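Hi everyone, thanks for coming. I'd like to walk you through a structure, so please have a look at the screen while I talk.

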Amino acid sequence: MLGPVLLAYSLLLLYAVLYGPFPALVPLGSPTAYRNLYIHVPQSIAALLMALISFFAALWFLKKRGTKSRSLMHKSAVLAAAFSWLSFITGTVWAQESWGSAWSGDPRQLSVAVMAVLYTGYIILRRGVEDPDRADRVSAAYLALAFVSVPITLIAPVLFPALHPPPGALAELAAPIRAIYIAVLLALLTAAALILAGFKAKTAWGVAAMLILFAAAVLVLMPYSQPVYRVYNATISGSAVTAITNGGVLTIPVEKITLRPLEINGKSTLAGHLITKDGVVVTHWSVAVNLLVTGAALLILTRLSNREI
């Protein structure tokens with residue numbers, strides 16, 4: 001059951017990054033870079049939920065010391081570490097384009113990095129304590145303390161100046177964007193829940209899911225085999241668009257440009273985009289990088305499901 005869910009997650013991502021809608025106007029960079037939302041944000045939510053589960057499982061274990069609580073505590077903590085690193089990496093790649101810098105000191109970006117280190121520290125701690133009973137007790141206490149990083153991550157954009165949007169910003173997205181994002185999120189959370197429940201997937205499923213995302217990355221990168229230009233501004237005059245780009249001025253027939261609408265309230269929606277000389281709007285390369293990272297992570301998760309993590 002886990003294998004098909006991972007495959008469904010990959011197929012949903014493939015559709016999202018190739019055909020999913022994106023905001024028409026953005027503060028900085030290419031609007032198509034916001035297709036990273038379908039990759040990065042579900043991974044971030046998964047990291048927070050796994051950390052929350054590990055917290056309650058740790059308290060459960062400290063109270064009753066049962067096998068089920070121990071297993072749930074350990075699996076959820078390992079997944080919290082994996083998703084935190086995945087969230088940090090994919091967010092950093094996206095930030096390079098949409099924030100102008102991969103690392104900007106954003107409080108949520110910093111707190112997610114701290115989460116990744118803390119939950120990785122749990123894994124190191126368990127392996128460093130030889131006595132199994134003592135390792136369980138110490139690890140459970142550690143997870144209870146490490147959970148402090150979760151509420152800090154959630155409220156950081158509210159308490160401090162941040163580039164990350166505040167909580168609730170996802171509800172303001174256009175309905176088509178929300179629908180695809182929720183479908184991807186549910187697929188990822190279902191896969192995580194199955195791993196917590198002890199379901200396994202053959203390596204072949206992980207390889208197939210990875211190859212789907214690698215293929216999607218190749219499709220995103222294919223237009224870069226020809227010159228691609230950054231649009232600084234564009235104006236429509238009759239049946240042609242004049243685009244000011246980093247490669248000079250391009251005059252392209254309106255019907256050849258693969259973007260609609262071309263204007264909103266008199267403002268060009270082409271600004272910030274990457275285009276070819278023929279008017280084809282190109283998805284930003286950061287999406288391809290994050291697909292490759294996520295594909296590799298799916299293979300790792302598949303392998304983890306087949307061992308006592």
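Let me begin with a question: where is Arg65 placed? Arg65 sits in the loop between α2 and α3, the latter spanning residues 67-98. Keep in mind that this is a predicted model. The average pLDDT over the chain is 94, and 99% of the residues score at least 70. Confidence is highest in strand β6, residues 274-275, at 98, and lowest in helix α6, residues 149-159, where the mean is 89.

Helix α2 covers residues 37-64, 28 residues in total, and reaches 40 Å from its first C-alpha to its last, close to the 40 Å expected. Phe56 belongs to this helix. Together with Leu49, Leu52, Leu59 and Leu62, Phe56 forms a nonpolar patch on the surface, with about 390 Å² of accessible area together.

In the one between β3 (248-253) and β4 (263-264) you'll find Pro261, and the peptide bond from Arg260 to Pro261 is cis, with omega near -5°. Then, between β4 and β5 (267-268), comes the loop with Asn265. Asn265 also has a positive phi, near 55°, and is exposed, with a relative accessible area of 83%.

Conventions:
Residues numbered from 1 in each chain as written. Predicted model: local features only at pLDDT ≥ 70, side-chain atom pairs only at ≥ 80, totals over all residues. Heavy atoms only, no water. Helix = DSSP H or I, 4+ residues; strand = E, 2+ residues; numbered from the N terminus. Expected span 1.5 Å × (residues − 1). pLDDT = per-residue confidence, 0-100. Patch = residues over 30% accessible without salt bridge, like charges linked within 9 Å, V, L, I, M, F, W, Y side chains within 5 Å. Areas by Shrake-Rupley, 256 points an atom, 1.4 Å probe, with all protein chains shown as cover. Salt bridge = Lys/Arg side-chain N within 4 Å of Asp/Glu carboxyl O. Buried < 20%, exposed > 50% of the residue type's maximum accessible area, 1.4 Å probe, protein only.
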